[in-house]
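User: I would like to go through the labels used for this model and see what each one rests on. Please set each value against its cut-off.

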Amino acid sequence: MTDNSEEKQQELELSQDIQDNYTEEIQDSDPDLSIFEPLKEMLIAQHRQEQDIKEIEEAYVFAAKLHAGQYRISEEPYIIHPVEVAKILTDLMMDKHTIIAALLHDIIEDTGTAPETIKEKFGEDVLNLVQGVTKLGKYQFKSKEERQAENFRRMFIAMANDVRVIFLKLADRLHNMRTLNYMAAAKQQKIARETLDIFAPLANRLGIGKIKAELEDLSLRYLNPEKYFEIAQLVALKKAERDATIQVLVEKIGQLLKQHKIKASISGRSKHYYSIYAKMKRQNIAFHELYDISAVRVIVNTVNECYEVLGIIHSQFKPIPGRFKDYIAMPKSNMYRSLHTSVLGPKSKPIEVQIRTHEMHQVAEYGVAAHWKYKEKGSLKANADTDIQFSWMRKLAEMEKDVSSASEYVESVKLDLFSDQVFAFTPMGDVIDLPKDATPVDFAFRIHTDVGFRITGALVNGRICPLSTKLHNGDIVEIMTSKTPAPRLDWLNFVVTKLAQSKIKQWYKKNKREEHINIGHNMLEAEIGKAKYDELVKSQELKSIAEAMNYSCVDDLLAALGYGETTVNKITNRIKKPADEEPTIVAHTKSKKSKNDIVGLEGMLYYFAKCCTPVPGEPIVGVVTRSKGVSVHRVDCASLDNVPEERLIDIKWADKGLSKTYVASIRIDVQDKIGILKDVMIELTDCNTNIAYANIKSNPAKKIGIIEMGIEVDNINRLKSVITKLQSIPEVISVKRIQGTSNLKTEKAPMPKKKK
């Protein structure tokens, strides 16, 4: 066996004795056809063609011979697993080739069968499906996590090309979950967590309600067994009372519909355990506070009858306000359609009622599989509506181009596809599905990359709004664009889709290289000091750091730093430090202390306070600290208000000129327009001023931008000169000194109040 992954240990575990007896004689023996019989009966009941059933049986015989002598951990013959997977897919009405692939899905990695053999015996389509779910057993990875991430990446890409791959994988995972009790506890938890994070959401996005519910319930059983069995017990205790209430309502609705001559199938059903658990957790309520554990389902023939039934039920039972949802007019992204309402039933018990057509019910149970038609040749064809609804599958392939590692790709898929969804509309009525908290910029990139690059503004429901506005379900979004692309780097502060993030970074990487090399240079030099920077360049250490971080040269590293692909900390952490270097803090960096900066602190350990960032030429005072020596503040620093006078030291700047620079924090209020950050950067470059840090944020209420940055200056006069230059920019409203950085990224208030 070549694959040693943990999931593999669940799928196959051979004892040494069995392996020793695994001979050609075993393979040549006739397989046990009784194992295949239940699958054959299902195929006959579905009126499959005789030739198709014959080919599926041939695949079973072929697989059974190859798996002969192999057993699962449960000690069952291994062939039972592929047969059970095939039965799940048959229940989903999948085509002949998918069922054959289910029977063969483990033979490449478990029996050493050559792919060419599968192609020769069963065709290229079957081979593609088998390879789509085959794990990477022959490849070497640094860790199990890396291997599993690459498995998922390959699975998602294969799924984007042929959705049947994910049906195969879901059926495979479902049977594994059904037999998870044979695994060790640690493996049970790992596989259950993976199922809940990846496979249950996939089943949900594909609309396969039956599989999604079972995967979630089985995952909960192993992830939180105490809560699972508690809910199961509580549901069982109230079952008789609940069934009696449901039965009364079912009979009453049946009588009403018969009076109106509407033919309907009416039944009661209980919510699955995980949905009960999730609702209790989400709303922070106890089990007895839930009132929609059970529901009545009414299935009729036409859409018009759905709304007619809704009116009849509301006329006889009092509806609960705020509990009506029309998923027929506004279907879910997985094509689920139904009317949901909650009413006060017998004994004033709240009960949910679902109303749908027979076709809608098929989609609710089987999802996209209900839209795929079985053909004599075994091919699958989807209609145009299905293709549009499941365009998100194509995004899986697109996403793969924009990430550097398999694990990053899997995280991107989980974020973009499995998070809570928001459905917004174009002015033409097309539905765009986005993750929660998505913005008009995410919307624009989802339409087309070029639209994202050229967006200048957005109208949401007819009103102009900032590009950072979070979209909500039902919003109608109109994108305003310019003739030329001009994305802004500060969009990265609020876009949430991986597509938008990667495209913005790619554009800046390609089109603003020189600018970002300069920005990266300034940032790194400000952090470590000019002398240290020059030393790193001269000694080739910076080149070595760049290569260690997978950049071909120093300029590539600086450019990446400039447009945000890496950080100063990641670079400085790789810089070699002398063994005898003192951990003394000066200015805002970890550079060595200067001997002649301050008069009055000769021979003492000191550092410059970040709260007020003093620079030469302005009055300063020292504050004795408990363990770090003396902190140097501006005399007007607000943090001095509560400092006892006995801790203050009279100090002043040295008279002789200093070549060292100091970081001063400033705030620039600007008109929120494209290119303003670039104008500020150009002005600072003209002033030969380095930037230590910069935080940017839009203020939607006042339509202004706020830039807070630390700039390097050697004295107060230099700072005043830079402020004057910045104020000369037409779009700059004001420039002022501030008490350090206010961390705009988490700032809630749009504007800080001025002190009186």
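User: Which order do the strands of the four-stranded open sheet take, and how is the pairing described?

Analyst: This is a predicted model. In it, four strands form an open sheet in the order 20-21-19-22, and the pairing is antiparallel. The edge strands are strand 20 (691–699) and strand 22 (732–737), each of which pairs on one side only. Neighbouring strands here are turned by 20 degrees against each other on average, direction ignored.

User: Why are strand 11 and strand 12 placed at the edges of their sheet?

Analyst: That sheet is open, has three strands in the order 11-10-12, and shows antiparallel pairing. Strand 11 (463–465) and strand 12 (477–481) each have a single partner strand, so one side of each is left without a neighbour in the sheet. Strand 10 (residues 455–460) runs antiparallel to strand 12 and is joined to strand 12 by five bridges. Leu-459 stands opposite Glu-478 of strand 12.

User: Why is the contact of Arg-173 and Glu-194 called a salt bridge?

Analyst: The cut-off is 4 Å between a side-chain nitrogen of Lys or Arg and a carboxyl oxygen of Asp or Glu. For Arg-173 and Glu-194 the N to O distance is 2.7 Å, so the pair qualifies as a salt bridge. By this rule the count comes to 22 salt bridges. Arg-173 belongs to helix 12 (residues 164–178) and Glu-194 to helix 13 (residues 185–205), so the pair ties together parts that are 21 residues apart in sequence. Both Arg-173 and Glu-194 are buried.

User: What parts does the salt bridge of Arg-178 and Glu-214 tie together, and why are these two residues called partly exposed?

Analyst: The side chains of Arg-178 and Glu-214 meet at 2.8 Å, N to O. Arg-178 lies in helix 12 and Glu-214 in helix 14 (residues 209–223), so the bridge ties together parts 36 residues apart in sequence. Partly exposed is the class between under 20% (buried) and over 50% (exposed). Arg-178 has a relative accessible area of 37% and Glu-214 one of 27%, so both fall in between.

User: What makes the Tyr-327 and Tyr-336 pair edge-to-face?

Analyst: Ring centres must lie within 6.5 Å for a pair, and planes over 60 degrees apart count as edge-to-face. Tyr-327 and Tyr-336 are 5.9 Å apart centre to centre, with 70 degrees between the planes, so both conditions hold. Both tyrosines are buried. The structure holds twelve aromatic pairs.

User: How do you know that the buried residues of helix 32 line one face?

Analyst: The buried residues of helix 32 (residues 716–727) are Ile-716, Leu-719, Val-722, Ile-723 and Leu-726. Seen down the helix axis, they fall within an arc of 120 degrees, so they line one face. On the other side of helix 32, Asn-717, Lys-720 and Thr-724 are exposed. Helix 32 has twelve residues and reaches 17 Å from its first C-alpha to its last, close to the 16 Å expected.

User: Why is Pro-435 called buried?

Analyst: Buried means under 20% relative accessible area. Pro-435 has 2%, so the label applies. Pro-435 is found in strand 9 (residues 431–435). The C-alpha atoms of Pro-435 and Thr-497 are separated by 7.1 Å, although these residues are 62 residues apart along the chain.

Notes: Residues are numbered from 1 along each chain as its sequence is written. This is a predicted model: local features need pLDDT of at least 70, side-chain atom pairs count only at pLDDT 80 or more; totals for chains, interfaces and linings use all residues. Side-chain values use heavy atoms; hydrogens and water are left out. Two strands pair if DSSP finds at least two bridges between them. Helices (H or I, at least four residues) and strands (E, at least two) are DSSP runs, numbered from the N terminus. Buried means under 20% relative accessible area, exposed over 50%, partly exposed in between (1.4 Å probe, protein chains only). Rings of Phe, Tyr and Trp (its six-membered ring) pair if their centres lie within 6.5 Å; planes under 30 degrees apart count as stacked, over 60 as edge-to-face and the rest as tilted. The expected span of a helix is 1.5 Å times one less than its number of residues. The arc is that of the directions from the helix axis to the C-beta atoms. Axes are lines fitted to C-alpha atoms, for helices over the stretch in contact, and angles run from 0 to 180 degrees between N-to-C directions.
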